[in-house]
Amino acid sequence: MKYIIFTLVSISLYTLSLGQNHNHSDCATEATPDIFDQYNMDSLRNSARDQGMDDFSRNIKLFVKIIREDDGTNGVKVHQKTVANANWGAFSVGDSIPSLYEELQSLADYYASHDICFTFVGHEFIDDSDFASNSDWNGSNAQQNAIFNDLIATYPSPSSNVITAYILPQDRPFRGRANGIGSKEFVMYAARFTYPHMAHEMGHCLNMYHTFETFFDTECPNGSNSSSAGDLVGDTPADDPVQTWSSSPCSYTGGNSVTCADGVTRNYNPLADNIMSYAPWTCRDQFTAGQSVRARDLFLLPSFSNVLVNNTNLTAPTGSISSGYLFRTAERDITTQSSSTTTGMSGSAVLTYTAGESITLRRGFVADPSSSTSYFNASINTLCGN
């Protein structure tokens with residue numbers, strides 16, 4: 001049973017069709033140099049193995065920013081379905097768009113078989129029509145890049161210890177974009193809920209390239225250069241940069257070929273179900289074992305290890321928070337200390353406790369916000385898929 005225990009506590013709260021040619025329209029994420037090149041990955045893997053972490057599951061802290069109009073309208077709802085007001089993405093006018101929480105559960109389902117979980121540590125609303133209604137989200141590449149960068153700069157992630165998803169209204173069509181390969185922010189729009197689009201952009205954050213990537217070199221279909229070309233993953237077959245697919249049945253229909261370094265011309269035969277491809281959305285539902293290793297290895301890096309929920313159980317420390325968010329997380333249980341303690345929160349400070357099984361606030365614990373913009377929140381929000 002999952003539960004939160006309040007034991008005599010004083011708390012202040014404020015509360016697709018045949019023959020599709022996608023023309024690279026699915027995603028605007030730009031390839032960036034391989035982040036692993038900065039590290040001795042063999043050394044990091046050996047160290048993790050020595051510590052018994054080579055088969056360790058990864059539980060990722062996820063925060064969400066929901067973009068709405070100035071008056072708070074037209075944003076996706078957290079726990080309720082939203083009625084579609086435009087014919088975009090997977091929805092027509094009048095359709096029910098899943099709640100954010102339902103979409104996060106779908107995200108977790110795609111990653112469940114790879115021992116990757118998500119802990120939903122919180123959300124906030126961005127009520128700003130300059131972003132919620134801006135047509136540049138569907139404009140030229142330069143316009144999309146500019147507004148993406150402006151959004152991230154204007155409303156930055158609450159912490160370097162989380163991955164932050166920015167969700168645009170469902171009538172702001174945007175291809176979606178992660179802030180680089182191996183990054184901590186991505187943007188998408190709500191009309192692509194039910195598609196594996198959130199899983200795709202999260203894949204970029206978790207260091208996965210498109211299967212048809214040519215940033216490093218064109219991959220040969222026999223896999224001979226898979227470690228240095230394409231998506232750098234050996235078990236994802238070379239994918240055609242010119243995307244032509246069928247959704248019934250799910251299959252590659254391009255029929256193109258590439259001449260490899262040995263002078264032999266070979267035909268493409270890419271996977272039609274890979275989430276990081278541009279196969280029809282309805283066909284994509286899998287990551288390969290190699291992509292899983294690449295994602296899990298990301299958290300061996302010092303700059304990403306802080307994104308993980310590293311505590312099985314946590315006895316929460318006390319102290320004051322002067323500004324920003326402070327996330328306290330545990331895979332199972334969080335318990336406050338037994339002595340009389342106060343956690344002060346000044347300015348716009350936010351303290352959150354998020355656990356997978358239980359949170360126990362023991363006698364004497366006081367969460368004391370000093371203003372109407374600071375608050376304390378405790379929740380059970382671990383998403384590990386089905």
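## Basis of the description

Residues are numbered from 1 along each chain as its sequence is written, and side-chain values use heavy atoms, with hydrogens and water left out. Because the model is predicted, local features need pLDDT of at least 70 and side-chain atom pairs count only at pLDDT 80 or more, whereas totals for chains, interfaces and linings use all residues.

K184 is placed in the loop between β9 (177-178) and β10 (185-189), where helices (H or I, at least four residues) and strands (E, at least two) are DSSP runs numbered from the N terminus. K184 is buried, a term that stands for under 20% relative accessible area, with exposed meaning over 50% and partly exposed in between (1.4 Å probe, protein chains only). Lys and Arg count as positive and Asp and Glu as negative, while His and the chain ends are not counted; on that basis the nearest side chain of opposite charge to K184 is E185, 7.6 Å away, and K184 has no salt bridge.

The side chain of K184 does make a polar contact with the side chain of N306, at 3.5 Å. Such a contact is a pair of N or O atoms within 3.5 Å; within protein, one must be able to donate a hydrogen and the other to accept it, and residues adjacent in sequence count only if both atoms are side-chain atoms. Leaving aside residues up to four places away in sequence, K184 touches S160, V162, I163, T164, S303, F304, N306 and V307, contact being heavy atoms within 4.5 Å.

## Aromatic pairs and charges over rings

The structure holds 17 aromatic pairs, in which rings of Phe, Tyr and Trp (its six-membered ring) have centres within 6.5 Å, with planes under 30 degrees apart counted as stacked, over 60 as edge-to-face and the rest as tilted. W137 and F174 form an edge-to-face pair, 4.9 Å centre to centre with 65° between the planes. This pair links distant parts of the chain, 37 residues apart, with W137 in the loop between α3 (129-132) and α4 (141-154) and F174 in the loop between β8 (163-168) and β9. Both W137 and F174 are buried.

The rings of Y209 and F216 have centres 5.1 Å apart and planes at 85°, so this pair is also edge-to-face. Y209 counts as buried at 1% relative accessibility, while F216, at 27%, counts as partly exposed. Elsewhere, ring pairs link F63, Y325 and F327 into a cluster. R68 lies over the face of F125, 3.8 Å from the ring centre, given that a charge sits over a ring if NZ of Lys or CZ of Arg is within 6 Å of the ring centre and within 35 degrees of the ring normal.

## Salt bridges

A search of the whole structure finds eight salt bridges, each a side-chain nitrogen of Lys or Arg within 4 Å of a carboxyl oxygen of Asp or Glu. D42 and R45 meet in one of them at 3.3 Å, N to O, and both lie in helix α1 (residues 41-50), three residues apart, about one turn of the helix. D42 is exposed at 52% relative accessibility, and R45 is partly exposed at 26%.

The side chains of K65 and E124 meet at 2.3 Å, N to O. This pair joins distant parts of the chain, K65 in strand β4 (residues 58-68) and E124 in strand β7 (residues 116-127), 59 residues apart. K65 is buried, with a relative accessible area of 3%. Salt bridges that share partners also join D42, R45 and D297 into one network.
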